[in-house]
Every structure is written in C-alpha cells, then in structure tokens.
Amino acid sequence: MKKNKWFHGVATAALLTSVVLAGCSSSEGTAAGNTASTDGGGKKELGSIAFYSPETPDMTKEMGQAFEKLKPGSSVNVQYAGTNVLVNRMIAEKDNPMADLWYGGGGFLPFESAKDKGIITSYTPEAIKDWPEVQDGIKVRDKDWKWIGAEVFVLGFVYNTDLVKPEELPKTWDDLLDPKWKGKIQMPNPAASGTATLLVLSQLMEKGEEPGWEYFKKLVDQMSAMPDSGSAPTKAVAKGEALIGIGFDFMAYENKAKGEKVDFIVPEKTPIIVNPVSLVENGPNPDGGKAFIDYLLSKEGQQKLADWYHIPISKEVQSKTPLTLEKVIPHAQEMDVDWVVQNYDRVRNEWRQKFQ
C-alpha cells in the first residue's frame, strides 16, 4: 500500500510565518433570517455565528468572546459535542444547515471523510492564500481548501504522576496490553470521539486489519471505561480514577497547568497531525463563518490556541506546551489518507458492531 506521509524526516517548525488577521470576508451573501446589518458608520455587523466544535468548551467559549470583542455586533454561539456526533448532526441538517463553521475533530481525518458528504465547502482566506498543501512534510490544508489546519496534535498517553512511576510508563501502544494496566486505563469511545477514531484507524493501518482488531479486543479488555468525550479520560486520570488515559497532548498540559498531577508521554510511533477548521456548506451566516476562520488563523487566534497549550501552526506564536515540532516529528507515524477516506465510516461502524 502506497502511503501518503503526513510527517517525515527532520521537518522543522518553520511553518507559516505570514498569518495575520484577515478581517471579514468580502462575500456579501447571507441566509434569510440572519442578514448582516450595519452600524451607524456603515460598517457591516456579522450577527449570529453558529460554531460547532468538539474541542475544550471553555477554550472555544473564550475564543468566541474574544472574537465578539474584535467584531462588535457579532454573537458566537458555540455548540459542543463529540466529533462524530457533530458530523452526524451536520449530515442530518444538510438540507437546512444550522452551523456556520466547524473547528476541530481529533485531527483532519473526520474532515477528509466529510468532504464528499456535502457538509463542508471551500474557503481560501486572503491572508494565507499562498499556503502550499504540504509544508515541510506536514499536510496543512485540503487541496481544494475544504479544510485548513489551525494547529498540531500529538496522540499519546496522559498519566497520573502521583500513581505511576517514570520507569513504569508505557512507551508504545503495545505496552498498554501489559497485564499491570488492566482496569487502569481509559480511552474515548470511537463511536463518538474523533480522538479515538484516529487511534483505531492508525493501528489498523499499522498492524493490518485482522491483527489490528485483535489488538483492540485486548485493549478494550484493559479499559475501566470508554466515555464518549475525547477529554474525559484525561480528567479521569487527574482524579485518580485511571492511571493512564489516551488523549492528545494539550489535554494533559491544560490539566497540569491547573495544578493536576498529570503529564504526557509521546509514544515511539504515533499519529501527529493538524487539527482543522472548515466553513459549513450553505450555513446561515457564511460571512460570519469566514470571518471567524480568519480570526482563528490570525496571530490573535493562534495565540489563543497557544494559551490553551496547543501547538500553533504559525511560527509567529509560541505555545506554552513543552512540545515542539522538532521534538515530536521523529515519533510521527506514516498514514494513508486515501485509505482513511475510503474506510472511515466502515471502521467506525465495525467498532460499534464489535464492541458496543
């Protein structure tokens, strides 16, 4: 199988240095019932913007509030749910879309899978119109601009620093099958969480389907719980309800910054991918959706992501996370995007049949 490699070699953090605030889109079209108005000076107000996201609710709420301050007359309505729940909602709403933009999904795999479902559409922000599809081995956007990478995610192990000794820590995904972890691990439910769906797809590609499903049969038996939320295992680790949680890097560092006794391990070989944003097709307020995407990719928006311990895609902004692209790229797993697109829904459905 020919693999489309997302990361390779000694790629550097010199990604995208020209990300600046692009402001509102010049598009004039708005849906009935959400027509943009103007203020006393004739400047267009963006009105209500429906923002679907599975990412940290407090973070997305904060982003919405920051955008509202930058754009008087705008109102951001954040709708939170698991990635797959949101995708199913957008599919159900396709004839009458309720969202204007979708941000985040445990990396770009759900966005790739969604491209042919008629729920996201192309948008090229003026400020980043010169972005290549691949930069330094990183696929940073869809070839048709149906999604745009906003940050970099690393999938790995969150652990409780009070309950797990450094010498005991797992170093590979296979290490999680050690009997000493039985009943002490949590992972999200792949039927609902994009974080966990990424794990399943990556292991099936790495091991092959039959050995891969056998691996998950054993891994599920190690779990104490499989909550729908991608962040729930990290919270369980912080409370001491689990010793190891499967999640993304920023989940651990957010909790660590709050004083929780958690830290993060990057497995020897693991998915490391961008997490995107997309404009929803035929959303009720396309001008608002485009303007928020511009904000998310601006220096201000990138700083907001960095402040929440995400690895920003812009070199102009430094994250608070101890991880850098230079540190994590040697751990990056090769993955086949075409295979993901063809098998995303099938794999998720097989998971339901096998484990629910």
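Helices here are DSSP runs of H or I with at least four residues, numbered from the N terminus. The model is a predicted one.

Start with the second largest pocket, which holds about 210 Å³ of space. Its lining is made up of 13 residues, and those closest to the centre are Thr56, Lys235, Glu254, Asn255 and Lys258. Three helices each supply at least two residues of this lining: helix 1 (57-70), helix 6 (232-238) and helix 7 (249-257). Helix 7 gives the most, with four residues. Sorted by class, the lining of the pocket has five charged, four polar and four nonpolar residues.

Helix 1 also contains Thr60. Is Thr60 buried or exposed? Its relative accessibility is 0%, so Thr60 counts as buried; the cut-off for buried is under 20%. Apart from neighbours within four places in sequence, the residues in contact with Thr60 are Phe51, Ser53, Glu55, Val78 and Tyr103.

The last stop is a helix pair. Two packed helices are described by the distance between their axes and the angle between them. For helix 8 (residues 286-297) and helix 9 (residues 299-307), the axes come within 4 Å and cross at roughly 65°. On the helix 8 side, Tyr295, Leu296 and Leu297 make the contact, while helix 9 brings Lys299, Glu300, Gly301, Gln302, Lys304 and Leu305. By class, this contact between helix 8 and helix 9 has four nonpolar, three charged and two polar residues.

Technical notes
Residues numbered from 1 in each chain as written. Predicted model: local features only at pLDDT ≥ 70, side-chain atom pairs only at ≥ 80, totals over all residues. Heavy atoms only, no water. Axes fitted to C-alpha atoms, helices over the stretch in contact; angles between N-to-C directions. Contact = heavy atoms within 4.5 Å. Nonpolar A, V, L, I, M, F, W, Y, C, P; charged D, E, K, R; others polar. 1 Å grid on protein atoms, 1.4 Å probe; cavity = no way out; pocket = protein on both sides within 12 Å on 5 of 7 lines; lining within 4 Å. Points joined across faces, edges and corners; volume = space filled by probe spheres on them. Buried < 20%, exposed > 50% of the residue type's maximum accessible area, 1.4 Å probe, protein only.
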